[in-house]
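Subject: Structure for you, with notes

Hello,

Here is the structure for you to look over. My notes follow below it.

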Amino acid sequence: KKDIKVDLFDSKNSKKLDSNIKNSDIIVMGGGPLMDIEPMYMVEYGFKKAKKLNKKTALLGCGIGPLFNKKYEKCLINIINNADLIILRDSISRKKVEDIYNRFNKKCENGNIFVSFDPSIQCCKDYIILNNKREDLTNYIAVNLRKYPKEYDISTYKGDSCKINNLLKKFIENVATKFDKAKIKLIPMHYFHAGNDDREFLNNIKLDLNLSNINVQNKNLNLYETMQIYQNAKFNIGMRYHSVIFQTMLNGRNFILDYTEPKQGKIFGFINDIDKYGFYKKRHIYLQKINKINFNFINVENVNDKFEIDNNVINRKMNIYIKKIKELI
């Protein structure tokens, strides 16, 4: 084993970025999507700089998209061309890379592109080892929602009003009424102002509905506490990507409200790779495709059905990280 030194610095400061690249052995973009955002250019610059200095580069656990703008697609191509190792978090991201190269009449010649799962799955596996018994605290339903992001479909907004946000509020009202003996815990996955603090949206729902069994988790939870809540819930409902992963891996009694592109987004990518027997086919709604939510897709007959994880598949795909990183360094 070797000690690994990690420095925190402002990557927007080009001098600090150059200095840290120069003093590093490997430059990694870890997790998150490569998408239509300005920081893509920083990653592109960093990888190009690293290659000039003969440093190793890697994309680890990344997704691809949403990408709608050609300038960011070109940026992605430059990043991939300068990466020594790429491990994407789902199969659909691999296909998106191929499609983008095809649109520019280019051939992707990087033979070091592999597919695994999101690295957070390893975190779930480690948590389960430490907490292999589900506590008998199941008289609550854990729900994660987020304010619907305009960048996915601006047409759903009219001024400050959003059709999908209104449907989500109605949906929570229906769940709280149908399961009136259970507590409805609205759980944030994002606590920062940048990117929209989930608590603002969740508290607006609670205040508007004014139902006694709805509560918002306003105090910040750490990672362990967040996992514990999902693990011990009667069942879960998830909207943000990592809430879906946690609920699937830690509990398996869950339903999915998918705000990303139908059959293209990161949530579909995860479910498509992990659910080979169609368990989530009737438990997964694409919010972009609906005018109303069919409230009956959650009912007393199906809330106890549980997704069974194939640990052999999980272990085999997660081991790709260890094997390929060892080969790289």
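Which kind of contact do the side chains of aspartate 198 and arginine 240 make? They meet in a salt bridge, with 3.0 Å from N to O. Aspartate 198 belongs to helix H7, while arginine 240 sits in the loop between strand E11 (235-238) and helix H9 (241-250), so 42 residues of sequence separate the two. Both partners are buried: aspartate 198 has a relative accessible area of 1%, and arginine 240 has 13%. Please keep in mind that this is a predicted model.

Other salt bridges

The count for the structure is 14 salt bridges. One of them joins arginine 103 and glutamate 73, whose closest N and O atoms are 2.6 Å apart. Glutamate 73 is buried, at 5% relative accessible area.

Lysine 96 and glutamate 261 form another salt bridge, at 4.0 Å between the closest N and O atoms. Lysine 96 lies in helix H4 and glutamate 261 in the loop between strand E12 (254-258) and helix H10 (266-274), so this pair ties together parts that are 165 residues apart in sequence. Lysine 96 counts as buried at 13% relative accessibility, and glutamate 261 counts as buried at 15%.

Arginine 199

Arginine 199 is also in helix H7 (residues 198-209). With a relative accessible area of 17%, arginine 199 is buried, because the cut-off for buried is under 20%. Its side chain makes a polar contact of 2.9 Å with the side chain of asparagine 220. Beyond its neighbours within four places in sequence, arginine 199 touches Pro188, Tyr191, Gln217, Asn218 and Asn220.

Helix H3

Helix H3 (residues 70-81) has twelve residues, which should span 16 Å at 1.5 Å a residue; the end C-alpha atoms are 17 Å apart, which agrees. At the start of H3, a side-chain oxygen of asparagine 69 comes within 3.0 Å of the backbone nitrogen of lysine 71. The buried residues of H3 are Tyr72, Glu73, Cys75, Leu76, Ile77, Ile79 and Ile80. Among the elements that cover them are helix H2 (40-52), strand E3 (56-64) and helix H4 (91-103).

Cysteines

How many disulfides does a search of the whole structure find? The search finds zero. Cysteine 75 counts as buried, at 1% relative accessibility. Cysteine 162 also counts as buried, at 1%.

Nonpolar cores

The largest nonpolar core has 71 residues, and Leu145, Ile237, Leu257 and Leu287 touch the most other members. Helix H6 (residues 163-178) gives the most to this core, with seven residues. Apart from that core lies another, of 26 residues, including Ile21, Ala50, Leu59 and Ile113. In soluble globular proteins, nonpolar side chains tend to be buried together.

To look at one member of the largest core, take isoleucine 237. Not counting residues up to four places away in sequence, isoleucine 237 touches Ile141, Ala142, Val143, Asn144, Phe171, Val175, Gln247, Phe255, Leu257 and Ile298.

Regards

Key. Residues numbered from 1 in each chain as written. Predicted model: local features only at pLDDT ≥ 70, side-chain atom pairs only at ≥ 80, totals over all residues. Heavy atoms only, no water. Core = buried A, V, L, I, M, F, W, Y, C linked by side-chain atoms within 4.5 Å. Buried < 20%, exposed > 50% of the residue type's maximum accessible area, 1.4 Å probe, protein only. Helix = DSSP H or I, 4+ residues; strand = E, 2+ residues; numbered from the N terminus. Contact = heavy atoms within 4.5 Å. Disulfide = S-S within 2.5 Å. Polar contact = N/O pair within 3.5 Å; in protein donor to acceptor, adjacent residues only side chain to side chain. Expected span 1.5 Å × (residues − 1).
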